2 protein chains.
Amino acid sequence: MTRRDRRLGAGALVALALAGLAVTAPARAAPPPAKPLTMADILAASAPSDWRTPDPANLMYLDLAAGRVVIELAPEMAPKTIGNIKTLVRANYFDGLAILRVQENYVVQWGDPAPDDAKRPLGAAASTIPAEFQRPRAGAPAFTRLPDKDGYAREVGFVQGFPAGRDRKDVWLAHCPGAVGVGRDTAPDSGAGTELYAVIGHAPRNLDHNVTIVGRVLQGMSLLTTLPRGTGPLGFYETPDQRTPIVRVRLAADLPQSERTPIEVLRTDTATFTALVEARRNRRDEWYVRPAGYIDLCNVPIPVRAPPKP
Amino acid sequence: MTRRDRRLGAGALVALALAGLAVTAPARAAPPPAKPLTMADILAASAPSDWRTPDPANLMYLDLAAGRVVIELAPEMAPKTIGNIKTLVRANYFDGLAILRVQENYVVQWGDPAPDDAKRPLGAAASTIPAEFQRPRAGAPAFTRLPDKDGYAREVGFVQGFPAGRDRKDVWLAHCPGAVGVGRDTAPDSGAGTELYAVIGHAPRNLDHNVTIVGRVLQGMSLLTTLPRGTGPLGFYETPDQRTPIVRVRLAADLPQSERTPIEVLRTDTATFTALVEARRNRRDEWYVRPAGYIDLCNVPIPVRAPPKP
């Protein structure tokens with residue numbers, strides 16, 4: 001027995017039998033290869049065109065003393081809200097504000113800790129925004145459907161790299177870990193983007209259709225997930241010293257190249273991604289004794305990487 | 001606009017329309033009440049018999065310098081493995097060992113960091129245990145079924161307070177956040193309980209049927225979720241100083257009353273729990289504009305509390 005190597009998932013890198021590709025390719029009579037491909041194999045074999053560079057105008061940096069959280073915005077899914085957030089960011093609205101709330105297995109939330117009568121003015125930004133909890137399918141970006149069903153939506157998949165749900169009429173971004181949404185009061189239009197949250201726990205999909213999601217954390221999740229949990233109701237911090245200050249929030253497009261974080265994201269509308277999904281639906285490396293034959297939307301990895309050296 | 005109160009879910013305590021109780025009660029012609037009950041209401045109205053005190057012989061304390069993680073073991077689901085773990089614990093096997101691995105959105109794992117040729121001897125404990133990835137339904141404890149379907153199992157629900165899946169033949173514990181499982185090598189019988197892990201991310205249900213789950217964290221999750229992530233492959237720490245030492249692991253039954261953590265768990269085989277599930281499937285308080293009508297197994301809360309003062 002080699003206890004040194006005893007680890008959950010050691011050698012359990014994601015595997016892909018070529019047969020698995022049949023999810024999109026026509027059935028083939030050829031036998032599967034002896035050794036299934038791993039996720040690492042699939043990514044190593046990816047073409048440059050399998051990757052995309054997010055638009056710097058839609059990359060939002062949440063800079064904390066401990067490091068940078070890189071958030072990609074999805075303006076085609078929540079145009080008004082994201083427009084308002086960009087107005088706030090460009091006015092340096094968030095600089096010096098704070099993380100207000102960290103609730104175990106739920107969300108990290110940031111905004112203005114001041115009482116109502118002392119809050120920072122919004123400047124040119126609006127204080128209410130019509131809810132953008134979902135949008136019509138008509139005119140929406142392409143949807144890459146997962147093969148599996150989901151109890152929270154008629155169909156699930158990906159829109160421009162973001163986990164999403166879809167029914168006959170609408171499409172919406174899903175509350176998977178890393179989803180960034182807009183805190184609001186009871187009024188659906190009360191979420192103007194002055195308070196944002198990121199999901200840090202098992203996906204609270206019950207929030208789908210109830211909050212506007214504006215994007216997703218691409219990098220830096222552990223800067224949020226490791227924050228001390230708030231001890232007040234709903235995980236709010238109880239004293240100012242418990243809060244983590246926000247150094248600044250910026251759009252990549254507003255920073256010089258030297259201050260940007262180089263990043264690429266695997267496209268979700270590629271054969272490479274389809275192969276990756278199948279490799280995760282049915283893990284066939286030797287560690288697994290029983291592949292699941294299913295994958296939950298929020299378990300699908302969306303790889304990011306630093307751009308390869310030219 | 002009251003930005004001070006703008007918070008995701010402020011006032012969004014779980015609500016229950018009496019109509020919702022129809023999931024277990026016969027349909028009623030009476031109109032639903034004006035104000036739906038919250039989860040807090042449901043718990044406040046609970047009877048002492050809705051709660052159970054875990055058997056001290058099945059409560060395992062993982063004591064870290066920062067505090068205590070309380071784990072409940074499920075011996076009817078993995079008797080041989082749990083027997084071996086108890087043998088290890090009673091020999092103080094884990095005392096002075098360490099948390100070896102923290103992988104973002106996945107697991108925290110603990111055990112012996114020494115190389116193979118220097119590992120702590122197992123004493124009276126076995127070094128291999130036949131896999132207990134699932135058990136036959138015949139003779140299994142009662143199963144409280146959730147009303148909703150799940151892609152990972154034919155049916156999902158709860159066994160003695162543990163989230164579980166079931167098919168025609170077997171029943172098994174599910175990899176929800178907080179699930180405690182047994183790290184193993186490739187051989188299915190290589191998980192003897194010397195390395196254990198707790199799930200800290202979105203449920204990796206693909207591990208169901210592939211690992212023996214022995215229990216669930218009842219209290220202290222944030223002591224694990226906030227640990228620094230390991231920077232090595234699979235989230236393993238790369239240097240000894242990065243590891244968090246384990247002060248001791250004990251069974252509650254082996255400690256004097258004064259050193260135990262008083263705790264009660266809501267029974268999952270009660271009408272109160274059924275009402276709670278329905279309140280979470282359909283959240284009807286004024287904050288929600290669209291109840292989900294569905295709940296994922298791993299989103300069902302299983303409340304714990306300190307025993308009420310007599």
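Predicted model: local features only at pLDDT ≥ 70, side-chain atom pairs only at ≥ 80, totals over all residues.
1. Chain A is assigned two domains, of which domain 1 is made of two stretches, 3-52 and 265-305, while domain 2 covers 56-262. Where the two domains touch, domain 1 of chain A contributes 12 residues and domain 2 of chain A contributes 16 residues. On the domain 1 side of this contact in chain A, 9 of the residues are nonpolar, 1 is polar and 2 are charged.

2. Chain A holds an open sheet of 9 strands, which are paired in antiparallel fashion and follow the order 16-6-7-14-13-15-5-4-17. Strand 16 (244-245) and strand 17 (248-251) of chain A lie at the edges, and each has a single partner strand, so one side of each is without a neighbour in the sheet.

3. Within chain A, strand 6 (residues 98-102) and strand 7 (residues 107-111) run antiparallel and are joined by 4 bridges. Looking at one residue, Arg101(A) has Gln109(A), in strand 7 of chain A, as its bridge partner.

4. Helix 2 (residues 79-90) of chain A packs on the sheet, where it touches strand 4 (59-64), strand 5 (67-73), strand 13 (179-182), strand 15 (213-219) and strand 17 of chain A. The direction of helix 2 makes about 120 degrees with that of strand 17 of chain A.

Note on methods. Residues numbered from 1 in each chain as written. Chains lettered and ligands numbered in written order. Domains from an automatic or database assignment. Contact = placed C-beta atoms within 7 Å. Nonpolar A, V, L, I, M, F, W, Y, C, P; charged D, E, K, R; others polar. Pairing = 2+ DSSP bridges. Helix = DSSP H or I, 4+ residues; strand = E, 2+ residues; numbered from the N terminus. Axes fitted to C-alpha atoms, helices over the stretch in contact; angles between N-to-C directions.
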